[in-house]
Amino acid sequence: MMAAGAFAVGAIVGSFLNVCASRLPKGRSLWMPGSACPACASPIRWYDNIPVLSFLLLRGRCRDCAGRIAWRYPIVEMTTALLFAGAYLRIGWRADLVLALLFLCVLVVITAIDIEHQLIPDRVTLPGIVAGFAGSVATGRGSWSEPLVGILLGGGVFFVIILLSGGGMGGGDMKLGAMIGAFLGWKLLLPALFLAVFLGGVVAAALLAAGRKGRKDPIPFGPFLAFGAAVSLFWGGELCNGT
Ligand SMILES: [Zn+2]
């Protein structure tokens with residue numbers, strides 16, 4: 001029952017995360033005006049704004065102009081709903097749940113924006129570093145040194161990569177690394193980084209081999225980092241303890 005509730009709340013929050021993913025890269029306000037069709041500018045009616053369901057009922061098209069609605073909308077809503085239900089089942093009704101949900105929301109927004117724009121906005125990562133640090137200390141999962149070392153390590157790893165590679169990775173990846181360290185602490189940051197590098201390498205190699213991407217094409221790394229961070233949030237403790 002409660003997990004279904006978390007799923008429903010996640011779907012509604014996911015709908016707001018879509019607004020964030022559309023507007024943050026353009027520097028627009030998240031609160032005003034209400035949502036409108038990007039093709040014909042008609043305001044979205046409340047009954048056409050129901051997460052996932054409206055997309056299915058409208059068959060992915062605007063009611064007014066029949067312009068296509070991006071697949072990102074139902075995917076983000078569904079993903080957020082599943083993550084909320086999963087986090088509730090995994091963590092239970094504790095103070096850390098709020099912090100975990102906030103972290104997952106930030107990761108979803110960053111993934112959506114990085115895939116679409118090859119950009120990780122400072123407006124998300126910098127407040128995220130502060131919120132992650134403050135939240136980790138407040139929920140008392142460890143001492144304050146754990147998220148602090150996480151910030152330094154997560155940012156530092158990418159700082160070194162940027163220095164050595166002269167491109168490929170950007171400052172956005174560095175701040176995202178620091179933010180993940182702030183939320184997870186350095187112990188859970190490590191499996192997140194390993195997973196991201198491993199998966200990123202496999203996917204990049206597959207895209208090169210399939211001829212879908214050239215050697216010089218940028219492949220955003222943020223989504224891999226976000227995926228690694230989410231896996232580490234759910235199962236990192238077990239990975240670290242070897243159980
Ligand atoms: Zn329209």
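Reply: Asp114 touches Leu119, Ile120, Pro220, Phe221, Gly222 and Pro223, leaving aside residues up to four places away in sequence; a contact here means heavy atoms within 4.5 Å. Asp114 sits in helix H4, which covers residues 95–117. Helices are DSSP runs of H or I with at least four residues, strands are runs of E with at least two, and both are numbered from the N terminus. With a relative accessible area of 4%, Asp114 is buried. Buried means under 20% relative accessible area, exposed means over 50%, and partly exposed lies in between, using a 1.4 Å probe and protein chains only.

This is a predicted model, in which local features need pLDDT of at least 70 and side-chain atom pairs count only at pLDDT 80 or more, while totals for chains, interfaces and linings use all residues. Residues are numbered from 1 along each chain as its sequence is written, and side-chain values use heavy atoms, with hydrogens and water left out.

Gly172 belongs to helix H7, residues 171–209. The C-alpha atom of Gly172 is separated by 10.0 Å from that of Leu126, and these two residues are 46 residues apart along the chain.

On the scale of the whole chain, there are eight helices and zero strands. The radius of gyration is 19 Å, close to the 18 Å that the globule rule gives for 243 residues, so the protein chain is as compact as a globular protein of that length. That radius is taken over C-alpha atoms, and the rule is 2.2 Å times the number of residues to the power 0.38. The C-alpha trace spans about 50 × 45 × 35 Å along its principal axes. Of the 243 residues, 44% are buried. Among contacts between residues at least 6 apart in sequence, 68% join residues at least 24 apart.

The domain assignment gives domain 1 (1–93) and domain 2 (105–243); such bounds come from an automatic or database assignment. The contact between them takes 16 residues from domain 1 and 13 residues from domain 2. The C-alpha centres of the two domains lie 24 Å apart.

The accessible surface of the protein chain comes to about 13300 Å², and 70% of it belongs to carbon and sulfur atoms. These areas come from the Shrake-Rupley method with a 1.4 Å probe.
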